[in-house]
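Hi,

Here is the structure for you to look over. My notes on it follow below.

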Amino acid sequence: MAATQASSNRRIAKNTVALYLRMFLTMIVGFYTSRVVLNTLGVQDYGIYGVVGGVIAMMGFLNAAMAGATSRFLTFELGRGDSARLARTFSSALIIHMGIALVVMVLGETVGLWFLCNKLVIPPARMEAAHWVYQLSILSSMIGITQAPYDASIISHEKMNVYAYVEILNSLLKLGIVYLLVLGHFDKLKLYAVLTLAVSVTIMMIYRVYCLRHFKETRFHWVWDKAILKPMLSFSGWDLYGNACVTARQQGINFLINMFFGVTLNAASSIATTVNGVVQGLTTTVTQAFKPQAIKQYAAGNVKGMEQIMENAAKYYILLIGAVAIPLFFEMHYAMGIWLGQVPRYADSFCKLLIIASLIASLNNIINIGIHATGNIKYISIITGTVYLLNLPFLYVCYKLRANPNDAYTTLIITNIIIVASDMVILKHLVPQFSCLHYIKVIFIDALVLAISSALCFLVYSAMEESFSRLVVITLVNISCLGIITYSFLIDKETRVQLNSRLCPKSRS
């Protein structure tokens, strides 16, 4: 058992490193390419690409829900060791995704096309290019939808290194798009849409060839097994409600900010959302690395093992997330000044509050690992989704009473605390063996570690003038503090011995 646990820990650590490598590279490439594409296309064409592509992106709720369901059920069958049912599950998922792709195409060519032609404000001279972007976006979306089961298969098998390498290649290809876009003499908006589709097709082919060569269950067979389809559709249906509520809350906040304060603060909100995406990317990396192992432990009937994996996820999460979030919190204005040049009003305060909200939400994402392992997400979708929606009328009342723009994210912090508490109760209901008090203790320790590191960083922040040197010092102090505390107190003795043996191989006897 100890050997199995050690092997599991090594696999999780290796997968986390691979996913972080992918995340940091894609983040750097994303920041760079967004600036170059904006300058090359111009504000008008860049806006057209964003708004036209957004019409198709709005139809992605169903695919997001089904992708989560596919990953959970494939991982569960791997944990049970039933290869025949695993193959039927994959084929059933692919059939559902092909149906979703067909629905998106029909809606895109009817409702979406009507919306493009009649509701979007696009200069007549650029309407032809907008149609190019729209049709290619539909095709790219259909490719992505049918690709989801293959992505889920790679994650379920915990081949995170493959997932990371292909996504790194994806980032490099996007750099190639930027290079060709600058050199090309064709209509640049059309060229950008064509090249983006070409990258999507290339990545799709790589993933599918790898899956077909390494995973037998990904060889498609026509399967209509109601015993498999019904729980998958039920899981995705409830997940769809939760995802829709979260998106409605995000868009609703933007709408309320626009209604009360105008488009200037919408720009600040968009920047905050971009920065928050970096922090959420870290959280996604943690859950992707730990979630398959947790689901497999639950499928094998080892609830204690699942709980241990969730505890480790919370422990290592504090090191990995805090390493980025704390320096950003203290040096947000300076970092944004380097990135943007001119920082919009309220952008830095929005970002700081949103980082706090995301840190709390990330603790909840770890709780969700256990809930998703059970396959019963009805309660979490109803309660969490509804609480997120109730955030909007509460925010509306706050704006009517005192009109403080920061309320958009202070209310979100309160909402996330309520959701963490409610989801712990739900997990306890679904898995009676789960110890809420033990998880609260883990959260308390995490918060204490963050507080200690933040206090040390605040001393540096107060003692030095705003500069690149202060940013570097705060980052080093933060990483050192988190690393020392984690090594000394948070990791278990066995992991510490393994680290010592790797760091000091001569000391082994």
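The side chains of glutamine 147 and arginine 208 make a polar contact at 3.0 Å. Keep in mind that this model is predicted. Glutamine 147 sits in helix H4, which covers residues 127-156. Its relative accessibility is 5%, so glutamine 147 counts as buried, the cut-off being under 20%. Setting aside neighbours within four places in sequence, glutamine 147 is in contact with Met204, Tyr207 and Arg208.

Next, the nonpolar cores. The largest one has 70 residues. Ile257, Ile371, Tyr409 and Tyr439 touch the most other members. Helix H11 gives the most to this core, with 15 residues. A second, separate core has 32 residues. Leu86, Leu191, Tyr210 and Cys211 are among them.

Back to tyrosine 439 in the largest core. Beyond four places in sequence, tyrosine 439 is in contact with Ala314, Leu363, Ile366, Ile367, Met424 and Phe434.

Now helix H11 itself, which runs over residues 347-374. Alanine 347 is part of this helix. Is alanine 347 buried or exposed? Its relative accessibility is 0%, so alanine 347 counts as buried. Leaving out residues up to four places away in sequence, alanine 347 touches Ala268 and Met336. One C-alpha distance to check: alanine 347 and histidine 333 are separated by 8.4 Å. These two residues are 14 apart along the chain.

Best wishes

Terms used: Residues numbered from 1 in each chain as written. Predicted model: local features only at pLDDT ≥ 70, side-chain atom pairs only at ≥ 80, totals over all residues. Heavy atoms only, no water. Helix = DSSP H or I, 4+ residues; strand = E, 2+ residues; numbered from the N terminus. Buried < 20%, exposed > 50% of the residue type's maximum accessible area, 1.4 Å probe, protein only. Polar contact = N/O pair within 3.5 Å; in protein donor to acceptor, adjacent residues only side chain to side chain. Contact = heavy atoms within 4.5 Å. Core = buried A, V, L, I, M, F, W, Y, C linked by side-chain atoms within 4.5 Å.
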